[in-house]
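Thanks for coming, everyone. Let me put the model up, and then we'll walk through it.

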Amino acid sequence: MEKSGSFESLGSKPSSSRQPSVDSLSSASTSDRSAQAKPPSALSSDSMSTSTEFSPELRVKPKSTAKVRLRNSDKEEPQVLPNETEQEKAQDATYLCPIAGALQGTVMLTNYRLFFKSIDREPAFMLDMPLGVVRRLDIYRTHREVSFTIICKDTRNFQFLQKHPTDPLKKSIFEALPKFAFPVSNGLQLFAFHYDQVFPENGWKVYDALAEYKRQGIPNESWRITKVNDRYELCETYPAALVVPVNIPDDELKKVASFRGKGRIPVLSWIHPESQATVTRCSQPMVGVNGKRSKEDEKYLQAIMDANAQSHKLFIFDARPNVSAVANKMKGGGFESEDAYQNAELVFLDIHNIHVMRESLRKVKEAIYPNIDDAHWLANLESTHWLEHIKLILAGALRIADKVESGKTSVVVHCSDGWDRTTQLTSLSMLMLDGYYRTIRGFEILIEKEWLSFGHRFQQRIGHGDKNYTDAERSPVFVQFVDCVWQLTRQFPSAFEFNEYFLITILEHLFTCLFGTFLCNCEQQRLKEEIPKKTVSLWSYINSQLEEFTNPFYVNYSNHVLFPVVSLRHLELWTSYYIRWNPSMRPQESVHQRYKELLAKRAELQKRVDELKREAANRSASSSSERPSSPTRSVTPVQTFV
Amino acid sequence: MLTGSKTTFKVRQMLPDIKERMLSQSGGTARSRDMFGLRCLPGECVLQRALMVRKKLTAREGRGWMSGTLFCTHFRVAFVPQDAPKPDDNTDPVLLGDHDVALALIEKVVVVGPNRTKLVSPNSSLKFTPEELLLYCRDMRVICFLFDRLTPDAQVLEITYTIAKTYQPLKPGSVLSFQNAALGSVEMKQFLSNRRRDAHMNWFESASDWEQELERCGATTWRVSSVNDRFEMSTSLSRFIVVPQKVLDTELKKSFAHFNEGRIPRWCWRHPRGSDLLRMSSFQNNIYHEKDDIRNLEMVLFGCQSSLCVVVELGDELPSPADIQLAHSRLRTLCLGDVSTSVSVPDDKWLSTLESTHWLDHIRLCLRKASEVACLLRSGHLTVALQEPEDRDMSCVVSSLVQVMSDPHYRSQHGFQSLVQKEWVMAGHRFYSRNNYHRDNDKEEAPVFLLFLDCVWQLWFQFPSRFQLTADFLLALHDSIHLPLFSTFLANCQRERCKRSQNLGQSYTPVNGWRDALPPDSPSDPSDPPLPPVWDWALQYGADRRACFTQPVPPTPPLQPLLNGNLNTKPDAHRPADSAPGSVFLLSRGSFTCPANLPPWRSSASGVYKKSHRRAPSTENVPGLERLLKAWSLTATVGPQGPADAYEPLLPLLMGPCMGLWRECYLRGALHAQAFSHPVSSNHLHPVERLAQDVQQLKDKLAQLSPGTDLDPPAVTPESRRTDANLNQNTNNATFLFSASKPRSVGRAAAPPASVSRAPPPSSRPGGKDFGGSNKHTFLFGHSSGADGRGDSRYHPLPNAKLPKSNGSSLAS
């Protein structure tokens, strides 16, 4: 398949997410009219062009560089990706749709997706599911048929039926499914390693740790970048470049590492450009039942405090509820006692652990899929406690941001291991504190830095290609973080350069294993697996078509701190992500389309301003004798995004 | 407009210095109505004022605090920000400024002192000096003033007492004095009597108004009847009603008796595909029927259609006014908290408590019923008659919702105002009783109209670009209901509005009876102008606010003023096959029946009347009709309609997660929802606004440089301005803090260049000056500029958050 063609298909990718949704009854016949004009919209926000664009493969990205190839209107197959190969095909499957009922149709299995199409009804019904989203497969055989249940990592389940093949040697197509759905468990490679799309932008270059620290003004007189972890010997889950206080030599770092869980010493995440107050992150101190102390660790925290001249206090935010922190002492962990750490104040943020969050989201799924009980919707939602968890996380991040911003005090954040709740808190507070992270590129850097390089265990939490669905390590920590970001964007709609579709796209590809970005558990593993060499970065895909992801309302509030309202009264379930599969939840208007029109409008105005400025400059030059120096323009330039 | 330049001020002010200044003012011929920065209405007296007060700003206003002076007059509590521009004396009076509260809107006055909270009643005395003053308003705002330590204690106490004494908790009689305080002065009366009515909307007062509507809808087979001209047939109906052309007035007259309150089936609206929407009250059972009565009824029902009539019963399925009242009061308590105990629902119970108010359920029911009716109508060529026992509450809601859904005209501001005139004001919704302004009729009180506004808001929220009006407009209307100043809401029917205008016999009378509020024994001065209608928005809001009432860019399908009545481009496949003419079906609880005895008298008695000239309804049509309704649920699954057909009804999604809470309305006062009160300044211009400003300034500059050239500035600016408003109003996002605050700043776009001039360099940025010295940092780090390569493009907040409003006309013009 030639490049341009496959490129287009990529454009359609995000939509594939939303399409499978079921019941998007997409009509193949009317499609190509809108195919050209429509963006891939995973954001279920399209209204105007209705049913046509629900089929993913029909969306051609209007990219001026790529040749737009009109698709045949009667095209039946999804547009395959580079190196996507068909594995199995069956004509006689039945999909038990929870809304539309049983549908007869054709199933196709590739090494990337499961594609079902039924022409039983008009318009044709299609379902396109990347295999990466499969969490669990249940096969149930009766004497006549095989019943197959697919439970997804997002909020969907599918059920298929297939008659036993007449040929006893032939197996059902679904028997082959586990092999491709769980490649890791079956000794195969994830699809990301096969996928070799070339994009104009290289997403692997987005994040450069040293450049990011330089942006923050580091190294400076109080903080230095150490290479002690260059070979991941100090801490294997940390990145190679770490920022530590200047006056702590590397050998002392090793002693501190021995006192901190998994060697995750306090390191700088963010520094306030004015007050020099810092956000530092680490894991719990290994205090244990006996209340062990570490001179080096105490000195280290003192050094963090001293690095900020504005305050003589240090706040330690322990993300856990007090009881869990105490319980951790039994396992050798614990928390800093205020006796040992002079001038430090310990605050518990009451955020629950990954198991609680997993259960909570499971309950959300129960409440929204397949059917919603309208009469008790809010009560059901409340009983999931999901929004309460969101609130606690946002409240924690808000307290951190407030201490740093208003109190000019440095903070240390940790939970038990320092890679789940800690990551959520530091990244959210940085998002509130620093407008740079609220741009598209900045947000990518934030994820690369706080989540990927500092070792959020994506492989364990998501279980890419792993059939072991009962693994207790699974948890939607990252989904929860993006949900929090979405809540922020709702409260400050013009403070973020990216739109909702950007967030949904990230979450979509968290599961699909199409891009290498979210593979592996930490930087060390990623280098060992040569992920950047062998796979494509999600940011390559996104940065190659920024106009899809840009928020037209964005105002560069880079020097503003966002203090969201963290009351349940102002938090909402992110229905356009969690319930986007439900056809009756589809938004009535194409917000996405509207956004693009607004961006165009803005560009047009910008152009007019530029023209006028030129004209003004010309005229003032010509009449310079009268007004030698016309008053400086009183207007700050506005950046364009288009 | 303001003609009288007489400035006679009655000042009952105790402070001597004020008296002196008053003297000096009234001595001259100055037209100034300005008192210490407060622009008074003619005749308005300042009773008390307090300096150095800070007002808490809502999220919409940008949060944080604003310093200024607090006034209490005998009409309002006014707040004038410190840096407010000098009021322009030559403009027409606006009743309430942006920061003011009418005394009649205040429900409770609460003061917060050190460690305590106290509800202040007219007689209470305070044993402490309040630090905060909270005004709980009927429109669900809570306004919070903070007294500075520099505010003299005496002033604090005095103004608290003054407000407590004068705020007029609604009771019989207080409405009148409030009206007098606001509009009673000679100048004000003169001013009001010179106001012209808005000619862009249809007031449905005269026969020609109705004829205009018939023409607009293409309803050629209907006529306007003046049979009720003297309200003899029905006291609650309007003077003019629309009936089938073929029915004569004499025949019509016989029908009135058979309906509750004489509210016979009347035409409301015609769908472009030729379906008619009718309204009627329930049948009177206990009346002797003559043979002709049935024929007359059938004539009225089938007057213009030969096919089907579906009677939609609204009584059982929709919430009763009592339900609505209960739900609304629960919602109110939930959103505002219990004032006296300052207990509010804990956050973790918020969702379930919200659900248990049933407010959202009621909205859902109304929208569902309206969607059903809209689906029936769009199939074409049938008559849908809404029947409610009294025909004065839920049928107003449903019929107007159906029209908002189906007719783009009613989604514009003027169209919507006409709709309210038609389906609520003229149709006799009991605004006066339902609002219970006098607090003398608690049993009847029910915010049916507010429920309707919320339903419209839900539609707007789901289809923002299909509306020309905005949520701001809905909010303004919501708030105006609580102000007992408008003839629109101060009567129960047209007859009451006319009653005091004593000219019942004339063929046309101005009907805005201002007398209604007067106690019956009070002498009426015939020269008094009527109370203004609520639609005279300029009385209430400045141009800035009014500019936000409409989307400047019209919705994508252009509004067509004339719906030529027989649009039948798309014959509906589901349309029931040629049915027996005159079949009547009853839609009740979601299923159709063909009742043998719909008009109750038909089956009764001797059987003489059974023989109607119409065929008995045949059951075979039922499935066809049910399919029409299914078409709706199908639409819900298939997805939104195509954009092309402007007459496809907007069918809202009604699942639990789709029902939104109108936060900008109900949670405006939720002070407890604020975690930190840091000002998050949103007073920055939107990029597009800034572009507009850029363009304007450059043009000005060009004009300066080359005085001879005519640059025709308005060509560009209005467009850019409009785009901005569009940005903010056209998306769902408009509900949220930032963009919600945007439209307000539209009018400020044209600040004088000096104030927008390049902000001070980062180092010297006065971080704390926002909102008068609250030293919370809104912005913090001046990254050493250029560090991120964006130093230049950063927008520095203005030192003063509030831009002066002067010069505002340069853009607006």
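Start with the domain contact. In chain B, 33 residues of domain 1 touch 27 residues of domain 2. Contact here means heavy atoms within 4.5 Å.

Quick housekeeping. This is a predicted model: local features need pLDDT of at least 70, side-chain atom pairs count only at pLDDT 80 or more, and totals for chains, interfaces and linings use all residues. Residues are numbered from 1 along each chain as its sequence is written, chains are lettered from A and ligands numbered from 1 in the order in which they are written, and side-chain values use heavy atoms, with hydrogens and water left out.

Back to chain B. Domain 1 is 30-194, and domain 2 is 207-503 + 529-548. Those bounds come from an automatic or database domain assignment. The C-alpha centres of the two domains are 34 Å apart. Between them, about 2700 Å² is buried, and carbon and sulfur atoms give 68% of that. Buried area is the accessible area (1.4 Å probe) that two parts lose on being put together, summed over both.

How many salt bridges cross this domain interface? The rule finds one. It asks for a side-chain nitrogen of Lys or Arg within 4 Å of a carboxyl oxygen of Asp or Glu. On the salt-bridge theme, the side chains of B:R332 and B:E107 pair up at 2.3 Å, N to O.

Now chain A, and its cis peptide bonds. One joins A:I218 and A:P219, with omega about 5°. A:P219 sits in the loop between α5 (209-215) and β8 (223-226). Helices (H or I, at least four residues) and strands (E, at least two) are DSSP runs, numbered from the N terminus. Another cis bond joins A:Y369 and A:P370, omega about -5°. A:P370 is in the loop between α9 (354-368) and α10 (377-384).

A:K262 has phi of about 55°. Its place is the loop between α6 (250-259) and β10 (267-271). A:C513 has phi near 60°, and lies in the loop between α16 (500-512) and α17 (523-528).

Are these two buried or exposed? A:K262 counts as exposed because its relative accessibility is 52%. A:C513 counts as buried because its value is 5%. The cut-offs: buried is under 20% relative accessible area, exposed is over 50%, partly exposed is in between (1.4 Å probe, protein chains only).

That's the tour. Questions, please.
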